[in-house]
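Dear colleague,

Please find below the structure that I am handing over to you, together with its sequence. My notes on it follow.

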Amino acid sequence: MSNYTHQTAPTQFVEANSIRFAYRRFGKTGGVPLVFSQHYIGTMDYWDPDGDGWLGSRPGGDLVRHNAGVSSSSGEVPTTFERMGS
């Protein structure tokens, strides 16, 4: 289990559909994490530092991420919830 805080969690990247998504993982690895997404142009920093008390407490850990086209993620910001989900 990681003991990262919002100040120490490394920003990592994963690519899907030719988009490079930035994310930070908190808590246990190896399980299925709960993924926290922000509104259209919000950043994963919105969850910090308030998340330090509960991010990572789930059995599979937690992920916070930048949406496509936001901050350090590539691509274009989706204009609908349907596009955000795909």
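Which residue in β2 is the bridge partner of Ala 16? The partner is Ile 19.

This is a predicted model, in which local features need pLDDT of at least 70 and side-chain atom pairs count only at pLDDT 80 or more, while totals for chains, interfaces and linings use all residues. Residues are numbered from 1 along each chain as its sequence is written, and side-chain values use heavy atoms, with hydrogens and water left out.

Strands and helices are DSSP runs numbered from the N terminus (E, at least two residues, for strands; H or I, at least four residues, for helices). Strand β1 (residues 12-16) runs antiparallel to β2, and five bridges join them; strands count as paired if DSSP finds at least two bridges between them. The hairpin of β1 and β2 has two residues between the strands, and Asn 17 takes a positive phi near 50° there. β2 also pairs with β4 in the antiparallel sense, over four bridges.

Strand β2 (residues 19-26) is largely enclosed by the rest of the structure, because seven of its eight residues are buried. Buried means under 20% relative accessible area, exposed over 50% and partly exposed in between (1.4 Å probe, protein chains only).

Phe 26 stands opposite Asp 62 in β4, a strand that covers residues 62-65. Asp 62 is buried, with a relative accessible area of 1%. Leaving aside neighbours within four places in sequence, the contacts of Asp 62 (heavy atoms within 4.5 Å) include Arg 24, Arg 25, Phe 26 and Trp 54.

The largest nonpolar core consists of seven residues: Ala 9, Ala 22, Phe 26, Phe 36, Met 44, Leu 55 and Val 64. Such a core is a set of buried Ala, Val, Leu, Ile, Met, Phe, Trp, Tyr and Cys residues joined through side-chain atoms within 4.5 Å. Among the residues that Ala 22 touches, not counting those up to four places away in sequence, are Phe 13, Met 44 and Val 64.

The charged end of Arg 20 sits over the ring of Phe 13, 3.6 Å from its centre; the criterion is NZ of Lys or CZ of Arg within 6 Å of the ring centre and within 35 degrees of the ring normal.

Glu 82, in helix α1 (residues 81-85), is exposed, with a relative accessible area of 68%. The C-alpha atoms of Glu 82 and Gly 51 are separated by 27 Å, and the two residues lie 31 residues apart along the chain.

Yours sincerely
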